[in-house]
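Welcome! Here is a short briefing to read alongside the sequence and the 3D view.

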Amino acid sequence: EVSILNELPGPLRQRVCHSIAGDGLRKISFFEGIPDNIINCIVSALVPRVFVPGDEIMHAKEIGMEFYIIEKGRVHISSPNNVITYAVLSEGDCFGESCLLTKITVRCSNVKCFSYCDCFELSKDDFNETLEAFPEEKAQILINVQRELDRKFRFNQNVTQNFQKSREKMLQKFEAFRLPENPEEERRRI
């Protein structure tokens, strides 16, 4: 896919990419309301990527440099220790948007493929270069990205807290039904 797209003349490549990814890009909350000419510029910077089941696309605690839009497939977003699932994303969803912010950002989740995944990748450098000529729109996109990250952070925090509370309750219930290790202990319990 990448090699075929790279061989096309610029305008034709942009039209092909736009027909594949343009509508998906518009559906992403932080690109809503952005003029078509800017969406077209962003679409032309997208690079198709293919991942296979089990591929780990992102790791928590690494510096983020890429943003992804899922064209087809499913990915699993999990806590740094892979114990808590935050989300399962599929067609039209995106992840890794924190890299688009101006400061250096460290990933806070792991992303792993459930299935074969066709994605579009936008690097931080390509995003910045593409929007260099549109400072007002770039500022608006970055404000929208920060809002979305804040929303996801609160959601993940709530999921983690609920998981911890449920885990503690489950452990207490299991402890109540724990079998005694010796008969003497059993007599004291009764």
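Predicted model: local features only at pLDDT ≥ 70, side-chain atom pairs only at ≥ 80, totals over all residues.

**A first look**

- An open sheet is built from 4 strands in the order 1-8-3-6, with antiparallel pairing.
- Strand 1 (47-51) and strand 6 (94-95) are at the edges with a single partner strand each, so one side of each has no neighbour in the sheet.
- Strand 3 pairs with strand 8 (residues 117-123) in the antiparallel sense, over 6 bridges.
- Opposite isoleucine 70 stands cysteine 119, in strand 8.

**Salt bridges**

- The structure has 4 salt bridges, including the ones below.
- Aspartate 118 and lysine 72 join through their side chains at 3.6 Å, N to O. This pair links distant parts of the chain, with aspartate 118 in strand 8 and lysine 72 in strand 3, 46 residues apart. Aspartate 118 counts as buried, at 17% relative accessibility.
- Glutamate 97 and lysine 152 form a salt bridge at 2.6 Å, N to O. Glutamate 97 lies in the loop between strand 6 and strand 7 (110-113), and lysine 152 lies in helix 5 (residues 135-176), 55 residues apart. Glutamate 97 is buried at 2% relative accessible area, while lysine 152 is partly exposed at 23%.
- Within helix 5, glutamate 148 and arginine 151 are 3 residues apart, about one turn of the helix. Their closest N and O atoms are 2.7 Å apart in a salt bridge. Glutamate 148 counts as buried at 15% relative accessibility, and arginine 151 as partly exposed at 41%.

Conventions:
Residues numbered from 1 in each chain as written. Heavy atoms only, no water. Pairing = 2+ DSSP bridges. Helix = DSSP H or I, 4+ residues; strand = E, 2+ residues; numbered from the N terminus. Buried < 20%, exposed > 50% of the residue type's maximum accessible area, 1.4 Å probe, protein only.
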